[in-house]
Amino acid sequence: MTTGNADKLFADAEKARSGSRYPIAVDLYLRALACYTLDGNAEGALDCRIALADTYRMTGDFADAIRHYTEALASATEPPVRADCSSGIGLAYRALGDWKAALEHLQAADVIYLAENDKRGHAFVTWAIAGTHRIHGNIDKAIETFTEALKAYEKLKDRRGVGYCHNGLGGANRIAGRFKESEKHYTKANKIFENMKDRFGTAYSYCGLGNARRMAGDFKGALAYFKKAESRYKRIGDRVSYAYTLWSMATTSKMLGKLSAASERYEQAEALFRATRDQRGLVYCKLGYGELRLLEGNKTAATRFFRNALKKAEEFGFEVEASHARQLLGIPTGYEKLGIYLEFGEAPYNLP
């Protein structure tokens with residue numbers, strides 16, 4: 001019998017994941033899953049697959065996450081468990097830039113949560129749907145839905161959920177051009193996560209605070225926050241969030257006129273975006289490369305990057321990023337239709 005050993009491995013994996021030691025957690029979950037499967041323990045295998053999928057999603061291995069969520073969904077019979085699997089699949093698709101598939105799975109999960117009167121599940125999936133609206137580019141809807149999730153988590157007295165809603169509101173307000181409001185939300189999130197000693201939430205908020213300082217023109221202050229986020233993401237092993245931190249650091253270096261440093265950071269970000277198949281991140285890198293070429297005086301190469309960015313953004317339905325590309329190409333952006341209020345002068349452009 002292997003169940004005892006599997007239970008010990010699973011418990012150790014849970015402990016590693018709660019401490020944001022994701023690579024260690026994955027190894028332990030895989031070993032536990034092998035033991036549960038060998039022992040014919042279907043319940044243990046199901047729990048292990050879901051936990052493994054969650055961890056893969058956190059580290060940017062979205063294809064593996066979807067595979068394990070889908071296998072778990074196929075064997076799950078309890079409605080709440082099926083809802084958790086559907087929401088996980090939705091989050092993984094969202095990270096890949098497929099916001100349509102993400103919404104489909106998240107909304108399917110919410111139907112179950114509401115039917116089961118699962119308030120915590122509903123709060124979570126509302127937060128996830130809000131982030132999906134942000135990726136699509138429906139910023140007003142994103143802010144409205146994040147606010148709805150925030151109220152739900154406040155009623156539940158769930159500090160972690162409240163913190164993630166503030167992080168989400170910080171990002172959505174930054175995209176909308178409401179930079180002071182953005183900084184307020186990230187500051188609230190940072191205080192919550194620091195008190196909880198939540199490394200991932202703290203790293204997320206530090207990156208947000210860095211972007212808030214960047215948009216305020218405080219580039220040195222921005223880099224200080226980004227470095228705090230960078231050190232935490234490296235320890236956690238979160239390639240997805242770290243890639244966006246690298247992009248933000250590159251953009252800050254660009255604004256400071258340090259084009260070589262900016263290019264290096266964009267390349268590092270691009271490598272991670274390719275590894276995690278993050279199409280939206282790749283659009284942002286194209287925009288960054290284009291600006292560097294523009295600042296170097298190579299308008300032809302810059303235009304080529306901007307056009308490629310626009311084509312990919314339109315292909316995936318990334319409305320915000322498509323508008324940024326149009327801005328850089330000097331054509332009508334459509335910002336206001338998205339609930340975005342930005343004004344730009346000459347290059348370099350401090351994209352939010």
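A salt bridge here is a side-chain nitrogen of Lys or Arg within 4 Å of a carboxyl oxygen of Asp or Glu. This is a predicted model, in which local features need pLDDT of at least 70 and side-chain atom pairs count only at pLDDT 80 or more, while totals for chains, interfaces and linings use all residues. Residues are numbered from 1 along each chain as its sequence is written, and side-chain values use heavy atoms, with hydrogens and water left out.

Begin at helix H12, residues 219-236 (helices are DSSP runs of H or I with at least four residues, numbered from the N terminus). Its 18 residues reach 25 Å from first to last C-alpha, close to the expected 26 Å, which is 1.5 Å times one less than the number of residues. Among its buried residues are Phe-219, Phe-226, Arg-232 and Tyr-233 (buried means under 20% relative accessible area with a 1.4 Å probe, protein chains only). The buried residues of H12 pack against helices H2, H11, H13 and H14. Just after H12, Gly-237 takes a positive phi of about 90°.

Phe-219 also leads us to Asn-350, which touches Phe-219 along with Arg-214, Thr-251 and others (contact means heavy atoms within 4.5 Å). Asn-350 counts as buried because its relative accessibility is 13%. Its side chain makes a polar contact with that of Arg-214 at 2.7 Å (a pair of N or O atoms within 3.5 Å, one able to donate a hydrogen and the other to accept it).

Finally, look at Asp-278, in the loop between H14 and H15. Asp-278 is buried yet has no salt bridge, the nearest side chain of opposite charge being Arg-280, 5.1 Å away. Its contacts include Ala-95, Val-240 and Tyr-244.

Key. Helix = DSSP H or I, 4+ residues; strand = E, 2+ residues; numbered from the N terminus. Buried < 20%, exposed > 50% of the residue type's maximum accessible area, 1.4 Å probe, protein only. Lys, Arg positive; Asp, Glu negative; His and termini not counted. Lists of a residue's contacts leave out its neighbours within four places in sequence.
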